[in-house]
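Look through the sequence and the model before reading on.

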Amino acid sequence: MPPRDAIALVVLVLVAAGAGSIIAFTLKLGISPMPTSPKVRVTMLSLVPSETRGVVHELGAGWGGLALALARQCPHARVVAWELSWVPYAVAATRARLARLPNLEVRRADFFAADLREASVLVCYLFTGAMRRLDEKLRRELPGAPLLVVTNTFLLHGWPEERAVVVDDLYRTRVVRSVGVPLP
Ligand SMILES: C[S@@+](CC[C@H](N)C(=O)[O-])C[C@H]1O[C@@H](n2cnc3c(N)ncnc32)[C@H](O)[C@@H]1O
């Protein structure tokens, strides 16, 4: 086989494997690595105080755009970005390395298995089922711990909403900041 054909074949196999991996993780996790839109991202960032200290967890980091922005927004905090899907994780980790942000760590791991007891802030854009599971985890593992949670579209039901912003976009996306402990 001529070298050019061999290279084309390798590229094709890699692209197919990458696409297959993204589809497989989307089916497994119930959500694709769809990023938060720039308009919604600006709103989410506006609800995370820049003087935040401690640990900011981004639960499901996708391609890393929001994680990078959070690390820039909160220079005194450590941002931990969790992502299970290999391809978005690799992109997010590479972006983090290139950006040289000392306060950003991208982890390829399941955030449902994470110890979130040290969390100051949680940021997420997930889906109803994952938010229900997250709510159960937080109530079980952080009973009474005051926490700031910023959500895109899907809410942590029963958590006191401190601020809600409807973004002026096509979907009228609702971004909510909850502060405190969940209501029973
Ligand atoms: C809709 S994307 C959001 C991406 C990013 N947070 C943003 O807002 O731009 C949700 C991401 O969460 C990841 N995810 C879902 N469940 C996860 C889990 N249990 N652990 C780690 N990542 C998870 C998915 O792979 C997907 O990339």
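## Model and numbering

This is a predicted model: local features need pLDDT of at least 70, side-chain atom pairs count only at pLDDT 80 or more, and totals for chains, interfaces and linings use all residues. Residues are numbered from 1 along each chain as its sequence is written.

## Overall fold

The chain has five helices and seven strands. Both are DSSP runs, numbered from the N terminus: helices are H or I with at least four residues, strands are E with at least two. In sequence order the pattern reads α-α-β-α-β-α-β-β-α-β-β-β.

The C-alpha trace spans about 65 × 35 × 35 Å along its principal axes. Of the 184 residues, 33% count as buried. Buried means 20 or more other C-beta atoms within 10 Å of the residue's own; exposed means 12 or fewer; partly exposed lies in between; C-beta atoms are placed from the backbone. Among contacts with a separation of 6 or more, 68% join residues 24 or more positions apart. A contact requires C-beta atoms, placed from the backbone, within 7 Å.

## Two domains

The domain assignment gives domain 1 (1-30) and domain 2 (32-180). Such bounds come from an automatic or database domain assignment. The C-alpha centres of the two domains lie 29 Å apart. Seven residues of domain 1 are in contact with nine residues of domain 2. On the domain 1 side, the touching residues are three nonpolar, four polar and no charged. Here Ala, Val, Leu, Ile, Met, Phe, Trp, Tyr, Cys and Pro count as nonpolar; Asp, Glu, Lys and Arg count as charged; the others, Gly among them, count as polar.

## Helix H1

H1 is hardly covered: one of its 27 residues is buried. Gly30 follows H1 and has a positive phi, near 85 degrees.

## Ligand shell

The ligand is surrounded by 24 residues. The closest are Pro33, Thr36, Gly60, Gly62 and Tyr125. A residue counts as near a molecule if its C-beta atom, placed from the backbone, lies within 6 Å of it. By class, the shell has 16 nonpolar, five polar and three charged residues. Helix H1 (3-29) and helix H3 (65-73) each supply at least two of the shell residues.

## Buried positions

H3 has these buried residues: Leu66, Ala67, Leu68, Ala69, Leu70 and Ala71. They pack against helix H2 (38-46), strand E1 (54-59), strand E2 (77-82), helix H4 (86-99), strand E3 (104-107) and strand E4 (119-124).

Leu134 sits in helix H5 (residues 128-141). Leu134 is buried because 22 other C-beta atoms lie within 10 Å. Leaving out residues up to four places away in sequence, Leu134 touches Leu59 and Leu156. Leu59 is 75 residues from Leu134 along the chain, yet their C-alpha atoms are separated by 9.7 Å.

Arg177 belongs to strand E7 (residues 174-180). Arg177 counts as buried because it has 21 C-beta neighbours inside 10 Å. Neighbours within four places in sequence aside, Arg177 is in contact with Leu47, Leu148, Val150, Glu162 and Arg163. Arg177 and Leu155 are 22 residues apart in sequence and 9.4 Å apart C-alpha to C-alpha.

## Positive phi in loops

Most residues other than glycine have a negative phi. Thr153 has a positive phi, near 70 degrees. Thr153 lies in the loop between strand E5 (147-152) and strand E6 (161-166). Thr153 has 18 C-beta neighbours inside 10 Å, so it counts as partly exposed.

Arg172 is not a glycine either, and its phi is positive at about 50 degrees. Its place is the loop between E6 and E7. Is Arg172 buried or exposed? Arg172 is exposed, because 8 other C-beta atoms lie within 10 Å.

Notes. Contact = placed C-beta atoms within 7 Å.
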